[in-house]
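This report looks at one residue, then at a pocket, and then at charged pairs. Please keep the structure in view while reading.

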Amino acid sequence: NYYLRARIYDADGKRIDIYGKDEQELTAKVLSAQREIEKTKVARFNPKVEEYCEKWLEMQASSISPSTLKGYTLAVRKYIEEPLGDLYMTEVTADDLRLAMVPVSKMSVSVYNKVNMLLKSIFYSAEYSKIITDNPAKAINAKGGVPQKEKQALTDEQVSQLLETIKGLPPYVFVMIGIFAGLRREEILALRWD
């Protein structure tokens with residue numbers, strides 16, 4: 001059998017050989033290989049939002065606690081990757097980000113602030129890494145979300161009723177400490193006995 005050979009360089013700069021039975025087949029194979037190489041080069045230097053977000057989360061793993069990373073991962077996947085994941089980083093516009101923030105603006109202020117911070121961090125990181133030249137995240141409004149209702153403290157009467165109800169039960173000491181020291185639930189639960 002007689003084959004024709006062409007040599008081209010792949011996305012990593014390595015030389016590869018392509019064979020064909022005739023010039024037409026060889027030309028078709030070379031063109032197909034070149035298209036794949038170009039796709040690989042574009043994907044490497046212009047990742048999709050989903051790919052870059054996952055890479056960014058992986059980079060954060062060394063500097064934040066596992067529980068914080070878990071919260072970031074859930075927020076990134078739900079509020080950033082779902083609406084924007086299929087876009088290339090260079091395609092994302094300020095309008096795309098504003099549209100992605102519309103459903104988030106109907107949630108609590110804390111969720112809005114977290115997603116806002118994550119979007120800005122991801123896109124500033126991409127800008128610093130020279131993946132994008134213009135950062136669309138700087139146009140996102142810092143204020144948004146539904147404010148939480150202010151919680152009312154217990155009245156003296158409610159405190160007396162609570163203490164009377166739990167007298168002699170195991171949580172009595174914790175409730176006493178919380179009420180008289182002004183501690184929140186998380187602070188009470190974080191206490192350690194020496």
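In this predicted model, Ser125 has a relative accessibility of 17%, so the residue counts as buried, the cut-off being under 20%. Ser125 is part of helix H5, which covers residues 109–128. Leaving aside residues up to four places away in sequence, Ser125 touches Tyr52, Trp56 and Met59.

The largest pocket holds about 420 Å³ of space. Its lining is made up of 14 residues, and Gly178, Leu183, Arg184, Arg185 and Ile188 are the ones nearest the centre. By type, the lining has 9 nonpolar, 1 polar and 4 charged residues. Helices H6 (156–166), H7 (172–181) and H8 (185–189) supply at least two lining residues each. The most come from H7, which gives 4 residues.

Side chains of opposite charge can pair when their charged atoms come close. The structure has 6 salt bridges, including those in the table.

| Salt bridge | Closest N to O |
|---|---|
| Arg7 and Asp17 | 2.9 Å |
| Lys138 and Asp134 | 3.6 Å |

Arg7 pairs with Asp17. This pair joins distant parts of the chain: Arg7 is in strand E1 (residues 4–9) and Asp17, 10 residues apart from it, is in strand E2 (residues 15–20). Arg7 is partly exposed at 40% relative accessibility, and Asp17 is partly exposed at 36%.

Asp95 and Arg98 both belong to helix H4 (residues 94–105); because they are 3 residues apart there, about one helical turn separates them. Asp95 is partly exposed, at 48%, and Arg98 is partly exposed, at 42%. Lys138 and Asp134 are both exposed.

Methods: Residues are numbered from 1 along each chain as its sequence is written. This is a predicted model: local features need pLDDT of at least 70, side-chain atom pairs count only at pLDDT 80 or more; totals for chains, interfaces and linings use all residues. Side-chain values use heavy atoms; hydrogens and water are left out. Buried means under 20% relative accessible area, exposed over 50%, partly exposed in between (1.4 Å probe, protein chains only). Contact means heavy atoms within 4.5 Å. On a 1 Å grid over the protein atoms alone, a cavity is a set of points where a 1.4 Å probe fits but cannot get out, and a pocket is an open set with protein on both sides within 12 Å along at least five of seven lines; lining residues have an atom within 4 Å of a point. Grid points are joined across faces, edges and corners, and a volume is the space filled by probe spheres set on the points. Ala, Val, Leu, Ile, Met, Phe, Trp, Tyr, Cys and Pro count as nonpolar, Asp, Glu, Lys and Arg as charged, and the others, Gly among them, as polar. A salt bridge is a side-chain nitrogen of Lys or Arg within 4 Å of a carboxyl oxygen of Asp or Glu.
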